Amino acid sequence: MAKAKKAIVLFSGGLDSTTVLYYAMNREYKCSCLLFDYGQKHKKEIKAALKIAKTVKAEHSIVNLSLPWSNDALTNKDKKVPIHKVLPKSVPSTYVPGRNTLFISYALSYAQSINAETIFIGVNAIDFSNYPDCTPDFIKAYNNVLKALKTKITIQTPLLKMNKSQIIKLGTKLNVPYEHTWTCYNGYSKPCMKCDSCKLRAKGFKEAKLLDPALGRK
């Protein structure tokens with residue numbers, strides 16, 4: 001009997017990472033989800049991630065990170081999440097410096113400890129917020145780091161060059177429970193529909209000609 005393929009999935013409970021989790025499971029990977037509490041101003045994504053991971057019976061761990069120097073709009077309580085009429089073409093204040101570098105480093109440690117062969121991350125460089133750690137150049141550079149460490153572990157980014165509409169269509173085919181995902185930068189009872197993340201999600205569902213099942217959820 002062939003050994004199960006093992007993968008670490010960087011999992012936030014958002015639309016992209018949940019799609020990636022279902023993508024990996026569809027390819028018969030035994031997935032271990034890695035969640036992060038890095039001082040976000042709300043825990044809605046973490047709660048969503050835990051619910052989904054438990055539903056699919058995936059192993060999951062939460063890493064607590066402290067970023068006392070934080071100066072971004074997602075972790076600094078004195079900064080408000082910006083509302084842009086047009087999505088910014090420069091790096092916005094919601095970018096958490098080094099976040100994906102830290103996340104993948106923890107995933108690497110986890111992968112080596114359980115002999116997982118790959119790390120899945122739901123980064124996207126088409127419909128995105130111009131975060132520099134969500135680009136092909138960043139992923140290529142980190143895969144080179146893995147080579148330098150003499151490991152055969154690779155980073156897989158199946159959504160990297162897909163727009164939000166394509167991601168949502170893929171997830172719909174995979175029966176992703178989008179009604180349980182949380183994308184909004186704010187932690188209100190419902191998505192704010194004003195932040196960049198909400199706008200990108202709404203754009204994706206509109207272009208896919210599908211209704212977002214998360215809207216109206218309490």
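I begin with a definition: on a 1 Å grid over the protein atoms alone, a pocket is an open set of points with protein on both sides within 12 Å along at least five of seven lines, a cavity is a set where a 1.4 Å probe fits but cannot get out, and lining residues have an atom within 4 Å of a point. Grid points are joined across faces, edges and corners, and a volume is the space filled by probe spheres set on the points.

The model is predicted, so local features need pLDDT of at least 70 and side-chain atom pairs count only at pLDDT 80 or more, while totals for chains, interfaces and linings use all residues. Residues are numbered from 1 along each chain as its sequence is written, and side-chain values use heavy atoms, with hydrogens and water left out.

The largest pocket holds about 910 Å³ of space. Its lining comprises 41 residues, and Ser12, Glu45, Arg99, Tyr131 and Tyr185 lie nearest the centre. Two or more lining residues come from each of α1, β2, α2 (44-55), α3 and α6; helices (H or I, at least four residues) and strands (E, at least two) are DSSP runs, numbered from the N terminus.

How many cavities of 30 Å³ or more does the structure hold? There is one. The largest cavity contains about 90 Å³ of space, and its lining residues include Trp182, Thr183 and Arg201.

Let me stay with Thr183, which is placed in the loop between α5 (164-173) and α6 (196-208). Thr183 is buried, with a relative accessible area of 14%; buried means under 20%, exposed over 50% and partly exposed in between, for a 1.4 Å probe and protein chains only. The side chains of Thr183 and Arg201 are joined by a polar contact of 2.7 Å. Such a contact is a pair of N or O atoms within 3.5 Å; within protein, one must be able to donate a hydrogen and the other to accept it, and residues adjacent in sequence count only if both atoms are side-chain atoms.

I turn now to the aromatic rings. A search of the whole structure finds eight aromatic pairs. Rings of Phe, Tyr and Trp (its six-membered ring) pair if their centres lie within 6.5 Å; planes under 30 degrees apart count as stacked, over 60 as edge-to-face and the rest as tilted. Tyr29 and Phe120 form an edge-to-face pair, because their ring centres are 5.2 Å apart and their planes stand at 75 degrees. This pair links distant parts of the chain, with Tyr29 in strand β2 (residues 29-37) and Phe120 in strand β4 (residues 118-120), 91 residues apart. Tyr29 is buried at 13% relative accessible area, and Phe120 is buried at 0%.

Phe36 and Phe103 are stacked, since their ring centres lie 4.0 Å apart and their planes are at 10 degrees. Phe36 belongs to strand β2 and Phe103 to helix α3 (residues 99-114), so the pair ties together parts that are 67 residues apart in sequence. Both Phe36 and Phe103 are buried. Together with Tyr38 and Tyr106, Phe36 and Phe103 form one aromatic cluster.

Finally, consider Ala24, in helix α1 (residues 15-26). Ala24 counts as buried, because its relative accessibility is 0%. Beyond its neighbours within four places in sequence, Ala24 is in contact (heavy atoms within 4.5 Å) with Val9, Tyr29, Cys31 and Phe120.
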